[in-house]
Every structure is written in C-alpha cells, then in structure tokens.
Amino acid sequence: MAYIVWVAGLEPVVLWRRLQLRVLKYPVPPMEGKSSLEPLEEETKMNAEPERKFGVVVVGVGRAGSVRMRDLRNPHASSAFLNLIGFVSRRELKCIDEVQQISLEDALSSQEVEVAYICSESTSHEDYIRQFLNAGKHILVEYPMTLSRAAAQDLWDLAEQKGKVLHEEHVELLMEEFAFLKKEVMGKELLKGTLLFTAGPLEEERFGFPAFSGISRLTWLVSLFGELSVVSATLEERKEDQYMKMTVCLETENKRPLTWIEEKGPGLKRNRHVIFHFKSGSLENMPNVGVNKNIFLKDQNIFVQKLLGQVSEKELIAEKKRILHCLWLAEEIQKYCC
C-alpha cells in the first residue's frame with residue numbers, strides 16, 4: 001500500500017527519498033566495518049523492484065559521458081532506477097546509439113528529466129550544476145565539481161535548499177590500486193611518502209589548474225593519511241613543448257612529509273608511482289593488482305543509494321568535508337605556484 005503525504009516546505013520527491021527506506025522490500029541494516037559510500041553487493045542494496053524511475057540526461061559525451069550512457073542503457077541493478085532520456089552536447093550529433101540529443105534548454109525545463117549527469121570539461125561544471133539545481137534536478141558530476149572551495153560550498157547550500165542530491169564522482173576511490181594501498185597503510189605509522197603521477201598533456205583552459213585536474217591524487221592522499229596542509233609548491237612549465245611538472249610538499253597532522261608530483265607531457269604514459277616509508281617497513285612500488293572493472297557503474301550505484309536515502313547523514317557529512325578539504329588544498333597549491 002502506498003500513501004501520499006503532503007508536507008509544507010517539502011517537494012514530493014524529497015519526501016519520497018526520505019521515506020524510501022520504509023517502502024523497500026528488503027531494508028538494509030548497517031554493516032559493521034563497511035561504509036555505505038562503498039558500493040555494496042547489488043543484491044544487498046538494490047534488490048527491491050523500483051517504485052519509480054528517475055529520468056536522466058547526460059551533459060557532455062566525451063569518454064566519461066559515453067561510459068555513463070553505456071551504463072545507463074545496460075541492465076544493471078542501479079540502472080533499473082534510472083531512465084536515460086537523452087544527452088546534451090555543444091556538437092550537433094542528433095543521436096548516439098538511438099539516444100536522442102536534446103537542447104540544454106529542453107533538459108532544464110523538462111519535467112521528465114529529474115537527474116543530470118555533468119560530464120563536460122571541469123571549467124564548465126559549476127555553471128551547469130547551478131543551472132540544473134535551480135531547475136530542480138538531482139546532480140551527478142565528474143570531479144572536480146568546481147574550481148574553488150567557496151563555489152562548491154555554495155552549490156551544496158543550493159542543493160540543500162532545493163532538496164536535491166549533489167554527488168561528486170570519485171572513481172579513483174573505487175580502483176583496485178586504492179583498495180590495495182588502503183589495506184597496506186592501515187594501522188601503520190607513516191614516516192614520509194611520495195606519489196608521482198605521469199600522463200600526456202592536458203589543456204588547463206578546459207580542465208583547470210593542475211592541482212584541480214589532478215585532485216584525485218589529493219583525494220588518495222587525504223583518504224589514506226587524513227587532512228593535510230601545504231608546505232610549498234612549484235610549477236615548471238614549457239608550454240611550447242606541452243610539458244608541465246608540479247611538485248607539492250604536504251604535511252600530515254602529525255607533521256609527516258608527503259610529496260605529490262604531477263608530471264604531464266607528450267610521450268609520458270599514464271601511471272602512478274608510490275613510495276611510502278613506515279616505521280614498520282616500506283612500500284616502494286605498486287604491484288599489478290588487477291583490472292579496474294565497472295568503476296563508473298560502481299559510482300552510479302553510490303549515487304542511486306543517495307537518491308534512495310540509503311546513505312547516512314554522518315557519511316554524507318564526512319564525504320563533503322573530504323571534498324571541500326581537497327578543493328581547499330588545490331587552491332592553496334595554486335596560490336603557491338602563481
């Protein structure tokens with residue numbers, strides 16, 4: 001039996017979110033030792049028949065957007081709660097695999113569209129998020145959600161005011177490499193460490209200052225070692241060669257040094273190198289820990305859990321605190337370099 005209850009000041013969809021746990025056929029109890037922000041087994045979290053589907057539009061159809069559209073169209077547990085309406089792109093594409101292109105104006109005004117996946121360049125994220133939140137849509141956005149801490153806080157305030165989910169993707173925390181590192185560092189006392197990331201060139205005009213485009217590396221370090229502070233940072237650039245190297249000296253709350261190096265240029269392979277020295281030993285290479293499978297789908301599972309009210313307020317607050325801290329670190333690094 002279903003009941004419709006009208007509460008002053010709450011949109012029906014928000015009320016539905018808050019009541020969702022009560023109407024799921026198989027309520028999920030808290031699991032000891034596992035955060036609900038980590039995607040649980042699909043049969044554990046999403047084994048109820050969806051009472052409704054959220055209409056989704058994907059904004060930006062590059063690599064991330066294309067993967068998002070694929071996951072939305074394939075039969076997965078979280079995809080059963082979502083209905084792909086169309087995609088928005090600056091390019092005239094008309095349709096992709098029978099999914100129709102729609103205008104930004106139609107996506108914002110359509111009552112059928114309830115969710116926006118923002119997969120465009122980082123420099124456009126803030127504007128798209130603000131437009132879709134003001135239009136009353138839930139948001140999933142690829143990291144970084146903004147290029148400043150203040151803007152991110154402002155958008156979260158707006159999402160709360162509108163009663164909407166604002167979810168920033170962090171697939172780096174769903175990688176096999178991170179799971180390995182998390183297990184390796186648990187319970188160990190850090191003495192010092194270095195994280196080096198190499199990759200091909202990236203356009204700052206589209207993806208922001210290197211501390212923001214590389215914020216997933218900051219997220220790794222903060223998630224592994226807690227909140228950090230910036231001691232110094234330098235940026236070496238040879239724009240004519242499309243080369244850059246950013247070197248950041250960080251410090252843990254226990255005054256242990258961490259160095260983050262971001263190096264990008266033609267011919268550099270995408271790779272991560274770590275050296276962590278602990279009181280009990282050292283980790284000086286990243287072993288082959290397996291292929292990262294369906295990490296964007298795992299992130300979508302987390303987003304749907306938020307839509308269904310299956311993530312605790314405590315965990316949402318902790319996630320928001322981590323994201324804002326990393327954005328603050330990125331801002332501080334940019335100040336040192338500029």
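1. Which residue just after α5 takes a positive phi? G136 does, with a phi of about 85°. Helices are DSSP runs of H or I, at least four residues, and strands are runs of E, at least two, numbered from the N terminus.

2. On the basis of these remarks: this is a predicted model, in which local features need pLDDT of at least 70 and side-chain atom pairs count only at pLDDT 80 or more, while totals for chains, interfaces and linings use all residues. Residues are numbered from 1 along each chain as its sequence is written, and side-chain values use heavy atoms, with hydrogens and water left out.

3. Helix α5 spans residues 122-134 and contains S122. S122 counts as buried because its relative accessibility is 7% (buried means under 20% relative accessible area, exposed over 50%, partly exposed in between; 1.4 Å probe, protein chains only). The buried residues of α5 are S122, S124, H125, Y128, I129, F132 and L133.

4. Leaving aside residues up to four places away in sequence, S122 touches Y143, P144, L147, R206 and F207; contact means heavy atoms within 4.5 Å.

5. The UniProt annotation "binding site", from an unreviewed entry, includes G62, S122 and Y143. UniProt positions follow the numbering used here, feature names are shortened, and annotations may be inferred rather than shown by experiment. G62 sits in the loop between β1 (54-59) and α3 (63-73), and its 36% relative accessibility is why G62 counts as partly exposed.

6. G200 lies in the loop between β8 (190-199) and α8 (204-207). With a relative accessible area of 29%, G200 is partly exposed. Its C-alpha atom is separated by 8.5 Å from that of E263, 63 residues apart along the chain. Not counting residues up to four places away in sequence, G200 touches K264, G265 and L268.
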